[in-house]
Amino acid sequence: MGNSKSGAVSKEILEDLKLSTKFSETEIVHWYENFKKQCPSGRITKEEFQNIYSKFFPESDANTYAQHVFRSFDTNDDGTLDFKEYIIALHMTSTGKTTRKLEWAFSLFDVDKNGYITKSEVKEICASIFKLIPKDEVDDLPDDENTPEKRAEKLWKTFNKEDNDRIAEGEFVHGLLNNEEALALIQYEPMK
């Protein structure tokens, strides 16, 4: 972990993040300094993460989705994100390659972390994504996407699965990789 006495990020974490994210050393050091100011303990709690995340969606209910995002990046299941987990989250949700983003999206949908996605997990995540969409934008959605249930059903049909089947990570990535319509169902990008 970072050297908390000097306030500098450790060389090991710095090198690891440079390799795994392609962020520059200057960017990582700058983000570390800001992270330490915001989180002097060196860790961010789920509640702090939710508060930060909700600022990106002021006209929506982002809490449920933020909880799922947090869970997917809390790789050691300790209820907090350290600097490394935080930067990887930033990278994956902003600049990561499509395949890596889909691998992350799989972990988001794999609520019980058993390595598979079920239709009920798709419904749960689609419902949390739907809460991000402001009410005035819901009216502009296509008829087959204007409720969380319809979006989940449409996404599930992408994989040609029965209701009680499950989807492995490879199937998920392959099924969405070049499918723009299905990709739109697993995310929300504000119109503004």
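The model is predicted, so local features need pLDDT of at least 70 and side-chain atom pairs count only at pLDDT 80 or more, while totals for chains, interfaces and linings use all residues. Residues are numbered from 1 along each chain as its sequence is written, and side-chain values use heavy atoms, with hydrogens and water left out. Helices (H or I, at least four residues) and strands (E, at least two) are DSSP runs, numbered from the N terminus.

**Helix H2**

- H2 covers residues 25-38, and its end C-alpha atoms sit 20 Å apart, which agrees with the 20 Å that 14 residues should span at 1.5 Å a residue (the expected span is 1.5 Å times one less than the number of residues).
- Ile28, Tyr32, Phe35 and Lys36 of H2 are buried (buried is under 20% relative accessible area, exposed over 50%, partly exposed in between, with a 1.4 Å probe and protein chains only).
- Those four cover an arc of only 95° around the axis, which puts them on the same side of H2 (the arc is that of the directions from the helix axis to the C-beta atoms).
- Over on the other side of H2, you'll find Thr26, Lys37 and Gln38 exposed.

**Helix pairs**

- H6 (residues 98-109) and H10 (residues 169-177) pack at about 125°, axes 9 Å apart (axes are lines fitted to C-alpha atoms, for helices over the stretch in contact, and angles run from 0 to 180 degrees between N-to-C directions).
- That makes H6 and H10 oblique to each other (under 35 degrees is roughly parallel, over 145 roughly antiparallel, 65 to 115 roughly perpendicular, and the rest oblique).
- On the H6 side, the contact includes Leu102, Phe106 and Phe109, and on the H10 side it includes Phe172, Val173 and Leu176 (contact means heavy atoms within 4.5 Å).
- H4 (residues 63-73) also meets H6: their axes come within 8 Å and cross at roughly 115°, so the two are roughly perpendicular.
- Here Tyr65, His68, Val69, Arg71, Ser72 and Phe73 of H4 meet Trp104, Ser107 and Leu108 of H6.

**Two buried residues**

- Arg151 lies in H9 (residues 148-158) and, at 4% relative accessibility, counts as buried.
- Not counting residues up to four places away in sequence, Arg151 touches, among others, Asp144, Glu145 and Gln187.
- Ile117 is in strand E3 (residues 116-118) and counts as buried at 0% relative accessibility.
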